[in-house]
Amino acid sequence: MSLARMGWSVDIYEGRPDMRLPSSKAAAQQRSINLAISARGLAAIQAIDPAAADRFLSTVIPMRGRMIHDAQGHQQSQPYDRDGQGINSIGRAYLNEDLLGEALAVPGIRVFFQHKVVTVDFDRKTMNVRDVEGGKDVNVSFDFCVGADGSYSIIRRQLMRVVRMDYQQEYIPHDYLELKMPAGPPTEPGGDPTFLLDPNHLHIWPRHTFMLIALPNKDKTFTCTVFAPTAEFDRLNSDEAILRWFQANFPDALPLIGQEALLADFHRNPRSALMSIKAKPYHYKDRAVILGDSAHAMVPFYGQGLNCGLEDVRVLDILLRDAGVDPTAQTPDGQEDPQLAHALSTYSATRHEDLVAACELAMDNYVEMRHSVTTLGYRFRKALDNLLYSLNRKHVTAKDVTAPLLDKPFINSPSGWLPLYTMVTFRPDISYSTARRRFLRQSQILETTAWLSAGVAVGMGIAGVTLLRRLYARA
């Protein structure tokens, strides 16, 4: 959409069938962690197509905080933001279909389903594409290739043949499996179904080394995902073991999901791996660039994979416009478009630090979600974090910073104390790397404060004991 609105003629080659087909929808339901889109992703859509952003918001469910479920079934709400800002739940299939519909409504965009890119010759600007349905290969010419083909990107692998690309791929020793919590019965005869849990929270059952999460859907169901060590999943090798494990660890979730539905999902839905990818550079001359998971796949625990990918588009869009790239310019064979080459080089140079920071933040947040949220130390630091945040003279929300982001990648001039989650989720004007650096500095302050508080408490305790001893001795 971004490139078409600049004047490019855009052809999209998708190896899978049309996602709008019933057969495609059935396959997608078996393995798809729900998406959480926040202000960062919404700001990107707003920058490219404000009307599309407004239409998109009508399909999401706002979540104002986490709902923590302990082992006894008690619930505790942890708001995301003191100003009431939240993130938004949307099913992956709904999002993809919405974006596809928006793209096809833009003049100059065509989509070829069941067409798999096999090889790319970037210097000759040609690619070999396999027409799966027709059973033949076709050669396609291009001026500019954008690889947004996911974690196992063909375009990235082809770039590695012509670019000295630093590349790191890391699997974590955990898997995930998707479950479904059905809608509840209507409150009155003939009424609409209801939610079995509060729909305005992201529900988490943290159990230290594993966890269950649940995100709401428009049809009043919840998409649930179990994240656990691979060895833990391996032990769930019978129906009895599965039910016993759920009853012991998620006693309030089991009756809501239902025993039969739980076992059916465990047997039908695949267990999937989780990995993180880092790469550099992201481009080759004026010929190609990779975006999204093909450049920086990340584990899903900060809910930033989608948001980061959308931000890639916004940042690249600004750099292309700033460089004065002309989609209609004719470049002689063997030569480069200097404006386009400069924009892509700038993207690789300036975007890398942010993408590495996003991947590391996502990895760190897994520990927080499955373990830290249950500890007293975390709650104390969180309370102190929010207290210091409340002392800011001015509170800036996402709405306050969206307009400048139409022309600038980031502003990066935050003032006052800001919690990490606020910077990452609700401040799209702050880059990931800036947020992480600021968080590390603030963490040092919080750690020092915690030690001083503990020291004062111990000192007062010792003084109190000494005083009691003296009074006892005099008595």
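This is a predicted model: local features need pLDDT of at least 70, side-chain atom pairs count only at pLDDT 80 or more; totals for chains, interfaces and linings use all residues.

Biologist: Why are α12 and α13 called roughly antiparallel?

Modeller: Helix α12 (residues 305-322) and helix α13 (residues 338-370) pack at an angle of about 150°. Anything over 145 degrees counts as roughly antiparallel, so α12 and α13 get that label. Their axes are 10 Å apart, and the crossing is right-handed.

Biologist: What makes the contact between α12 and α13?

Modeller: Heavy atoms within 4.5 Å count as contact. From α12 you have Cys 308, Glu 311, Asp 312, Val 315, Leu 316, Leu 319 and Leu 320. The residues on the α13 side include Leu 340, Leu 344, Tyr 347, Arg 351 and Leu 355. By class, the contact of α12 with α13 divides into 11 nonpolar, two polar and three charged residues.

Biologist: And α3 with α12: at what angle do their axes cross, and what is the handedness?

Modeller: Helix α3 (residues 39-48) crosses α12 at roughly 35°, with the axes coming within 8 Å. That crossing is left-handed. On α3 the contact residues include Arg 40, Gly 41, Ala 44 and Ile 48; on α12, Leu 310, Glu 311 and Arg 314 are among them. This contact has seven nonpolar, two polar and four charged residues.

Biologist: Now the sheet. How do you know that β11 pairs with β18?

Modeller: Pairing takes at least two bridges, and three bridges join β11 to strand β18 (residues 288-290), so β11 and β18 count as paired. They run parallel, and Gly 147 stands opposite Ile 290 in β18.

Biologist: What makes β11 and β17 the edge strands?

Modeller: The sheet is open, with three strands in the order β11-β18-β17 and mixed pairing. β11 (145-147) and β17 (283-284) each pair on one side only.

Biologist: Which strands of that sheet does α13 touch?

Modeller: α13 packs on the sheet against β17 and β18, and its direction makes about 25° with that of β18.

Biologist: Last one: where does the "FAD-binding" label come from?

Modeller: From UniProt, where an unreviewed entry lists residues 82-316 as "domain: FAD-binding". In the model, that span is 28% helix and 34% strand, and its end C-alpha atoms lie 32 Å apart.

Terms used
Residues are numbered from 1 along each chain as its sequence is written. Side-chain values use heavy atoms; hydrogens and water are left out. Axes are lines fitted to C-alpha atoms, for helices over the stretch in contact, and angles run from 0 to 180 degrees between N-to-C directions. Helices (H or I, at least four residues) and strands (E, at least two) are DSSP runs, numbered from the N terminus. Angles under 35 degrees count as roughly parallel, over 145 as roughly antiparallel, 65 to 115 as roughly perpendicular and the rest as oblique. A crossing is left-handed if the near helix is turned anticlockwise from the far one by less than a right angle, and right-handed if clockwise. Ala, Val, Leu, Ile, Met, Phe, Trp, Tyr, Cys and Pro count as nonpolar, Asp, Glu, Lys and Arg as charged, and the others, Gly among them, as polar. UniProt positions are given in the numbering used here, feature names are shortened, and annotations may be inferred rather than shown by experiment.
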